[in-house]
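This report describes selected helix contacts, a strand pair and a few loop residues. The sequence and the structure are shown first.

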Amino acid sequence: MKLFKLTYTAVMGSLLLLVLGCENFLDEQPLDQRVESNFYQTKQDAQEALVAIYDVLQWNTLNGFHVPEMLSDIASDDSYAGGASRNDAPNIIEIDQHKIRTTNGEVHGLWRKYYTGIYRANKYLEKIPGIDAEEEFKTLTTAEAKFLRAYFYFDLARFFENVPLITTPLDNPDEYNQPQAAPSEVYSQIGQDLMEAIPNLREFVPSNQKGRVTKWAAEALLVRVYLYYSGVYGDDLPAGDQTVDRARAITMVEDVINNSGHDLLENYDDIFKLEYEFSQESVFEIAYSDSRPWWDWGYVHGGEGNMAPQMQGPRVDQPAEEEYERGWSFSPVTAELIEAFDPADPRLEATVLFEDELNAGLTVGYQHTGNFTQKYTTHKSYRAADGQLELNWGNNYRVIRFADVLLMGAELQLAAGDQDKAQQYLDRVRGRVDMPSVDATMENIHRERRLELALEGQRYWDLLRRGLNVAKQHIDTPAEMKDGYVGDAADFAVTFNKATKGLFPIPQSEIDISNGELKRNPGY
């Protein structure tokens with residue numbers, strides 16, 4: 001596929017080893033005078049190449065603005081598309097309406113992002129055996145590269161399902177056109193990569209290396225993959241020549257719960273504050289920062305900033321009178337999500353920023369509901385000291401939290417028949433916010449996942465793994481105005497298209513250059 005060669009030439013030709021915005025280990029400046037012919041030789045070369053793989057985790061602007069967690073929330077029943085107007089971002093509106101064109105730019109951005117990360121991981125895994133470094137370093141960083149490749153492929157498979165499986169770098173033009181693999185083959189590679197990574201990853205990383213993967217992150221991600229695969233495909237997760245069944249998934253989730261040292265923060269409201277980044281609750285976290293002030297709108301992912309807060313922040317009229325800078329009002333929160341909360345649940349206020357909390361009003365955008373995310377927003381505590389304001393938000397993304405691990409544990413234990421342990425884990429999550437105990441049923445656990453993890457990019461996948469009928473039941477929304485909504489009722493109508501199975505379309509441009517190897521996803 002032409003994509004891989006173009007990406008590699010553009011990136012590696014000048015060796016833009018852009019850093020992941022962690023304030024420690026990954027805060028290294030790119031080396032612009034290095035080319036592949038004199039690279040991949042020393043331990044320092046390897047470390048820079050590893051940073052380059054991590055860096056792709058941040059990339060959300062290759063084509064338009066394609067923050068994966070935001071787009072999956074928009075595809076769910078928790079938020080709409082939003083933006084300034086109906087004409088502001090039609091590609092994002094298509095995702096909200098489940099009427100996505102195969103030429104959708106944001107969708108193509110997702111595809112490019114993940115295959116760029118996969119290419120870099122493949123190149124690293126090819127080159128690391130020949131690099132002059134101690135075996136301990138090679139073993140550890142190989143495990144990290146495998147985790148990252150699994151992470152990229154998992155998102156890719158969830159969004160597109162029918163994707164080429166590529167585990168070596170494609171440098172020969174004769175190799176570009178790769179066929180789509182069966183989903184089981186892709187997930188088998190994901191499972192294998194994680195299983196091979198787990199025993200070689202560190203349990204803890206030094207304070208100056210925050211952002212690097214741990215054993216606990218890999219175990220938790222493997223459990224997440226197992227639950228998704230078993231839910232969607234009704235089978236145990238293949239993992240190379242092994243299989244991850246429920247018993248093995250339970251062993252892993254129990255290891256994280258009992259041995260990792262991770263725990264719930266005392267106050268839910270603290271989780272998404274600047275001072276609690278990389279907290280005890282964070283099992284895996286993607287770091288962003290303003291450590292390298294950025295100005296270039298033509299190459300946004302060259303900086304270290306997170307676009308999600310800028311996109312989701314409210315369009316406040318008078319930022320000087322608010323705790324928030326002016327955002328772009330994408331992903332406004334649905335009334336259905338707010339109604340799912342008990343009014344006494346403190347997670348509601350910690351999750352949703354309500355319009356009436358603002359002091360000087362705001363500009364009403366498209367699909368205005370009066371509700372915005374409080375978790376990834378333009379709060380001034382994250383305002384960059386330098387650089388273009390919109391491009392330098394330092395809000396880290398909490399990929400896996402300990403609360404999620406507990407709820408995965410509750411789900412697995414309940415399915416295995418251990419009602420008491422499932423109840424214990426569910427109660428820990430609810431007890432943290434002083435909510436009363438409810439019976440540990442599968443319905444209650446999934447309801448708790450919605451409340452606990454709201455607007456963190458998990459809801460859509462939780463719906464899909466419960467079945468297309470469940471997804472349609474929740475996502476379908478009639479054309480009606482709820483309190484606080486502004487616009488036409490038809491703007492808020494959503495119909496989930498079961499024919500697509502909830503997948504995004506294979507980008508048409510990739511189909512066009514594949515010489516017939518790539519086929520459209522069903523329903524497109």
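The sections below treat helix packing, then strand pairing, then residues in loops. The model is predicted.

**Helix packing**

Two packed helices are described by the angle between their axes and the distance between the axes. Helix H5, residues 105-127, and helix H6, residues 135-160, have axes 9 Å apart and pack at an angle of about 155 degrees. The two helices H5 and H6 are therefore roughly antiparallel to each other, since an angle over 145 degrees counts as such. The crossing in which H5 passes H6 is left-handed.

On the H5 side, the residues that meet H6 are Val 107, Leu 110, Trp 111, Tyr 114, Tyr 115, Gly 117, Ile 118, Ala 121, Asn 122, Tyr 124 and Leu 125. The H6 side contributes Phe 137, Thr 141, Thr 142, Ala 145, Lys 146, Arg 149, Phe 152, Tyr 153, Asp 155, Leu 156, Phe 159 and Phe 160. By class, the residues in this contact of H5 with H6 are 16 nonpolar, four polar and three charged.

From H3, the residues Met 70, Leu 71, Ile 74 and Ala 75 meet Ile 92, Ile 95 and Asp 96 of H4. The contact of H3 with H4 has six nonpolar residues, no polar ones and one charged.

**Strand pairing**

Strand S3, residues 282-286, and strand S6, residues 397-401, are antiparallel partners joined over four bridges. Within this pairing, Phe 284 has Ile 400 in S6 as its bridge partner, and Glu 285 stands opposite Arg 398 in S6.

Are these strands buried or exposed? Strand S3 is mostly covered, with five of its five residues buried. For S6, five of the five residues are buried, so this strand is largely enclosed by the rest of the structure.

**Residues in loops**

Gly 305 is found in the loop between S3 and helix H10, residues 307-312. Its relative accessibility is 15%, and because buried means under 20%, Gly 305 counts as buried. Leaving aside residues up to four places away in sequence, Gly 305 touches Tyr 288, Ser 289, Leu 391, Asn 392 and Trp 393. Gly 305 and Gly 394 are 89 residues apart in sequence, and their C-alpha atoms are 5.5 Å apart in space.

Positive phi values in residues other than glycine are found at His 98 and at Leu 455. His 98 lies in the loop between helix H4, residues 90-97, and H5. Leu 455 is placed in the loop between helix H15, residues 442-452, and helix H16, residues 459-465. Both residues are buried, His 98 with a relative accessible area of 12% and Leu 455 with one of 8%.

| Residue | Relative accessible area |
|---|---|
| His 98 | His 98: 12% |
| Gly 305 | Gly 305: 15% |
| Leu 455 | Leu 455: 8% |

As for the backbone angles, phi is near 55 degrees in His 98 and near 65 degrees in Leu 455.

Definitions and conventions
Residues are numbered from 1 along each chain as its sequence is written. This is a predicted model: local features need pLDDT of at least 70, side-chain atom pairs count only at pLDDT 80 or more; totals for chains, interfaces and linings use all residues. Side-chain values use heavy atoms; hydrogens and water are left out. Axes are lines fitted to C-alpha atoms, for helices over the stretch in contact, and angles run from 0 to 180 degrees between N-to-C directions. Angles under 35 degrees count as roughly parallel, over 145 as roughly antiparallel, 65 to 115 as roughly perpendicular and the rest as oblique. A crossing is left-handed if the near helix is turned anticlockwise from the far one by less than a right angle, and right-handed if clockwise. Contact means heavy atoms within 4.5 Å. Ala, Val, Leu, Ile, Met, Phe, Trp, Tyr, Cys and Pro count as nonpolar, Asp, Glu, Lys and Arg as charged, and the others, Gly among them, as polar. Buried means under 20% relative accessible area, exposed over 50%, partly exposed in between (1.4 Å probe, protein chains only). Two strands pair if DSSP finds at least two bridges between them.
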